[in-house]
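I opened this model to look up a few contacts, helices and charged pairs, and I kept notes as I went.

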Amino acid sequence: MQTDVGEFIVGAYLKSIKNCDFIDYNVRIPGGGLRGLSELDVVGMNFKTNTVYLCEVTTHIRGLLYGDNKKTVEKIKQKHKVQKEYAETIISDIPNKVFMLWSPYVPNGYITDQLQEIETLELIINQDYTSCINEMRLVASKNTNDLGNPFLRTLQILEHLR
């Protein structure tokens, strides 16, 4: 599966801000069958802090929505369940696990209220998403070498325009 630009954005953040040593995209749970159809959009590992970041990325610029509000919340809960299953079965020996949902636009109201109740899921949405982009812009403005991610390189070009 081709990596989406939204996934590159999250990978760029994990690399430049969270100092991840390893980043992978569209990671499938091993074993095949129906289980193997589930995927994690972005996984980042910081070996120094022994932390793994498991990220769901939804780049819906008109607003996060799968059918209706209730179906949207249920779909995100299901995706979070896959994140936790992967963490329990594949990387159980890594002590620090951070589960994230990244989306640039989630309408405030029912969806955000329901998602905020998922205690184990860190939401990087709306203003927080924008703040993360701005953090990366600062990194990009201070570097001229290729940082190993196409989104970071694009930010570098934009930040160094004359």
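This is a predicted model: local features need pLDDT of at least 70, side-chain atom pairs count only at pLDDT 80 or more; totals for chains, interfaces and linings use all residues.

I started with Asn126, which touches Ser103, Pro104, Tyr105, Val106, Asn108 and Thr112, leaving out residues up to four places away in sequence; contact here means heavy atoms within 4.5 Å. Asn126 is found in the loop between β5 and α4, where helices (H or I, at least four residues) and strands (E, at least two) are DSSP runs numbered from the N terminus. Asn126 is buried, with a relative accessible area of 12%, buried being under 20%, exposed over 50% and partly exposed in between (1.4 Å probe, protein chains only).

Residues are numbered from 1 along each chain as its sequence is written, and side-chain values use heavy atoms, with hydrogens and water left out.

**Helix α4**

I checked the length of α4 (residues 127–141): its 15 residues should span 21 Å at 1.5 Å a residue, and the end C-alpha atoms are 21 Å apart, which agrees; the expected span is 1.5 Å times one less than the number of residues. I then listed its buried residues, which are Tyr129, Cys132, Ile133, Met136 and Ala140. They cover an arc of only 100° around the axis, so they sit on the same side of α4, the arc being that of the directions from the helix axis to the C-beta atoms. Their packing partners are α1 (5–16), β4 (96–103), β5 (121–125) and α5 (150–159).

**Salt bridges**

How many salt bridges does the count come to? I found four, taking a salt bridge as a side-chain nitrogen of Lys or Arg within 4 Å of a carboxyl oxygen of Asp or Glu. In one of them, the side chains of Lys48 and Asp21 meet at 2.9 Å, N to O. This pair links distant parts of the chain, with Lys48 in the loop between β2 and β3 and Asp21 in the loop between α1 and β1, 27 residues apart. Lys48 is exposed at 67%, whereas Asp21 is partly exposed at 39%.

Glu39 and Arg28 meet in a salt bridge at 3.8 Å, N to O. Glu39 lies in strand β2 and Arg28 in strand β1, so the pair ties together parts that are 11 residues apart in sequence. I recorded Glu39 as buried, at 19% relative accessibility, and Arg28 as partly exposed, at 40%.

Arg137 forms a salt bridge with Glu159, the closest N and O atoms being 2.6 Å apart. This pair joins helix α4, which holds Arg137, to helix α5, which holds Glu159, across 22 residues.

**Backbone**

I also looked at phi, which is near 55° in Asn19, a positive value in a residue other than glycine. Asn19 lies in the loop between α1 and β1 (22–28). Phi of Asn50 is likewise near 55°, and Asn50 has its place in the loop between β2 (39–46) and β3 (51–57).
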